[in-house]
Amino acid sequence: MNMKLGQPSIETTIANGNPVYVVIGSWTVDYAQDCLKASLAIPAKQQGQITIRCNDIKQFDATGIWLLFRRIEELKRAGVRVELEGFRQDYLTFLQEVAASLEEPGKDLAQLRQLPKELWDFFRRAFKQAADVLMFVGWCWMLLFDAIIHPLQFRFRAFIKQCEVTAVRAAPIVGLISFLIAIVIAYQGSMQLKRFGADIYTVDLVTISVLREMAVLLTAIMIAGRSGSAFAAEIGAMKLNEETDALVTTGIDPMRLLVLPRIAALTIMMPLLAFFADMTGLAGGGLLTVLTTKTNWLLYISRLSDVLRMNDFWIGVGKAPAFGFIIAVVGCYHGMKVSTSAESVGKETTNAVVDSIFLVILADALFSLLFTALNL
Amino acid sequence: MTEPVVSVRNLVNRFGDQVVHDWLDLDIYPGEIFAIVGGSGSGKSVLLRSILGLHKPDDGSISVFGKEIGKLCETETHELYRHVGVLYQQGALFSSLSVIENIETPLYEYLPLSDAIIRELAMLKLKMVNLPDNAANKFPSELSGGMVKRAGLARALALDPTLLFLDEPTSGLDPLASDAFDKLIDVLHVQLNLTVVMVTHDLDTLFNICSRVGVIIDHKMIQGTVDEVTKNPHPWIKEYFGGPRAKRARNSRKEK
């Protein structure tokens with residue numbers, strides 16, 4: 001550790017009518033602030049020649065010497081003739097090089113933001129990304145058909161593993177959330193309907209809303225947060241670590257090994273998860289109906305069999321594969337887009353979740369329009 | 001005899017059943033370029049991490065600048081790291097910051113100076129490691145392997161440390177870049193009055209610039225000047241320093 005040999009300072013004397021500044025003390029990073037203050041002891045406004053004597057510096061390092069040097073440069077710029085004593089010539093040359101390179105204007109510091117250009121860049125990027133996504137989706141479809149034609153090339157092992165990780169392990173939490181939301185809907189519904197003495201219609205309310213919308217939508221949002229992010233982060237980290245490049249040079253297409261099994265797994269498992277969410281949702285709705293209204297389980301089940309139309313069930317479960325496909329494609333797309341930095345993994349993971357939830361809800365709205373038009 | 005800068009006593013490190021260090025001693029004196037060598041898995045990196053306080057050893061004591069690591073309070077640790085520079089094997093540059101911002105990070109942490117002066121000091125360090133000016137605003141991902149090492153070295157030197165740790169400084173560099181990097185370290189070592197501790201596999205580095213060597217063998221350390229260690233009769237050392245690569249490296253040193 002640097003021994004502390006006293007504060008840096010500058011003493012002024014006069015020799016031959018010209019001021020001489022004697023630099024003393026230790027000019028090191030420990031005294032950075034003091035060095036800066038001490039260097040200001042040489043006044044900038046003066047005429048003629050001055051001498052700066054550095055022979056008596058006890059100790060110095062790069063930081064300290066720079067803080068002295070930058071004052072000398074300032075003086076020179078102000079028109080003072082400076083004579084240096086005891087300053088090593090090779091250091092001086094080097095420091096002057098540094099000073100010269102600092103004077104070149106930093107490009108991105110000075111650059112002003114130009115609105116039209118930014119706007120143009122924004123649209124160009126958005127357009128390019130849309131084209132990228134379409135390419136990616138198209139490529140995924142091609143691979144899916146290819147896998148159907150050549151089933152032996154399909155990575156079954158990765159597929160099974162993904163089925164387990166993304167669906168089987170997600171089942172408890174998906175079921176629980178659907179159960180709880182159904183309880184909330186049933187409770188709110190029964191409170192309102194009681195006022196009309198129509199609390200038996202709580203069963204209709206819960207059954208239709210859970211089967212058509214709630215179960216599948218909640219499942220999709222849960223899976224987007226759980227698996228969409230995991231896909232982006234897993235594939236992103238592999239890209240960062242050049243593992244995907246290693247796959248390519250090993251002759252394995254990362255799209256087939258990493259992307260396709262994930263897409264297939266989610267597309268196939270989502271309807272099963274939605275079905276499971278339907279069941280726990282109906283159970284939750286039933287529990288609350290039995291507890292808060294004058295119905296019992298037998299009455300609930302007989303009412304359920306009157307209300308329940310298979311159409312509602314199929315509409316709900318039928319949307320699930322589309323949602324699963326969207327989540328998997330978006331997650332994998334963002335994972336493959338990770339480029340060079342750890343930061344981009346985080347960014348793409350965030351984008352994967354946000355985009356997939358947005359697209360799932362958009363798709364749900366489109367499905368609603370479609371089913372209304374078809375009178376289903 | 002001067003006080004050692006780094007002093008390790010009775011260091012013991014185990015991972016489960018696997019013994020890495022068993023009563024290992026080590027002394028590094030001011031102004032040395034000390035190389036730590038050993039076979040893979042012999043615990044070079046663990047030793048380095050133990051000295052830096054990144055790994056808590058199972059037993060033994062480690063002193064840096066006479067202060068025992070692991071028994072320091074937070075402010076003392078902060079103060080200690082101020083005088084220590086580390087170049088990690090992969091550079092460990094912060095990937096979300098540009099090169100110049102990477103070098104500025106330690107400066108901002110420790111120095112109460114204005115933005116402009118900190119930028120100047122960072123540029124000074126950039127120049128010291130011979131990086132071109134246009135590297136300043138590049139991001140780590142845009143740099144070549146050699147430039148990453150130089151940028152990492154610039155960041156390690158940002159606060160003018162007196163003790164510099166290098167983890168395999170020339171690994172992953174081509175021979176020309178390795179030679180240039182060796183020369184850079186040699187020059188900086190003299191100019192900045194540094195004590196350098198490095199983990200290395202590069203025999204050229206070892207013979208060209210290192211003043212002393214410590215070899216980790218059988219969980220212990222054999223240390224001495226390069227010539228002393230070369231004469232040690234241990235079979236691993238014989239193989240390591242007597243192999244064809246070592247002979248070539250030593251001959252090239254004699255030519256210089």
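Predicted model: local features only at pLDDT ≥ 70, side-chain atom pairs only at ≥ 80, totals over all residues.
In chain B four strands form an open sheet in the order β2-β1-β4-β5, and their pairing is antiparallel. The edges are taken by β2, residues 18-28, and β5, residues 67-68, each of which has a single partner strand, so one side of each is left without a neighbour in the sheet. Further in, strand β1, which covers residues 6-15 of chain B, is joined by five bridges to the antiparallel strand β4, residues 59-64 of chain B, and V12(B) is found opposite D59(B) of β4(B). Lying across β1, β2 and β4 of chain B is helix α1, residues 44-51 of that chain, which runs at about 125 degrees to β1(B).

Is D27(B) buried or exposed? Its relative accessibility is 13%, and because the cut-off for buried is under 20%, D27(B) counts as buried. Its side chain makes a polar contact of 3.5 Å with the side chain of S7(B). Leaving aside residues up to four places away in sequence, D27(B) touches several others, among them P4(B), F34(B), R212(B) and Q223(B).

Now to the charged pairs, of which a search of the whole structure, over all chains, finds 23 salt bridges. Which residue of chain B forms a salt bridge with R70(A)? The partner is E120(B), with the closest N and O atoms 2.5 Å apart. This pair crosses between chains, going from helix α2 of chain A, residues 62-77, to helix α4 of chain B, residues 115-128. R70(A) is buried at a relative accessible area of 17%, and E120(B) is likewise counted as buried, at 15%.

Within chain A, E234(A) and R262(A) meet through their side chains in a salt bridge of 2.3 Å, N to O. That pair links distant parts of the chain, 28 residues apart, with E234(A) in helix α8 and R262(A) in helix α10. Here E234(A) is partly exposed, with a relative accessible area of 34%, whereas R262(A) is buried, at 7%.

A further salt bridge, at 3.8 Å from N to O, brings together the side chains of D253(A) and R256(A); D253(A) is partly exposed at 25% relative accessible area, and R256(A) is partly exposed at 28%. Finally, salt bridges with shared partners join R70(A), R71(A), E74(A) and E120(B) into one network.

Note on methods: Residues numbered from 1 in each chain as written. Chains lettered and ligands numbered in written order. Heavy atoms only, no water. Pairing = 2+ DSSP bridges. Helix = DSSP H or I, 4+ residues; strand = E, 2+ residues; numbered from the N terminus. Contact = heavy atoms within 4.5 Å. Axes fitted to C-alpha atoms, helices over the stretch in contact; angles between N-to-C directions. Buried < 20%, exposed > 50% of the residue type's maximum accessible area, 1.4 Å probe, protein only. Polar contact = N/O pair within 3.5 Å; in protein donor to acceptor, adjacent residues only side chain to side chain. Salt bridge = Lys/Arg side-chain N within 4 Å of Asp/Glu carboxyl O.
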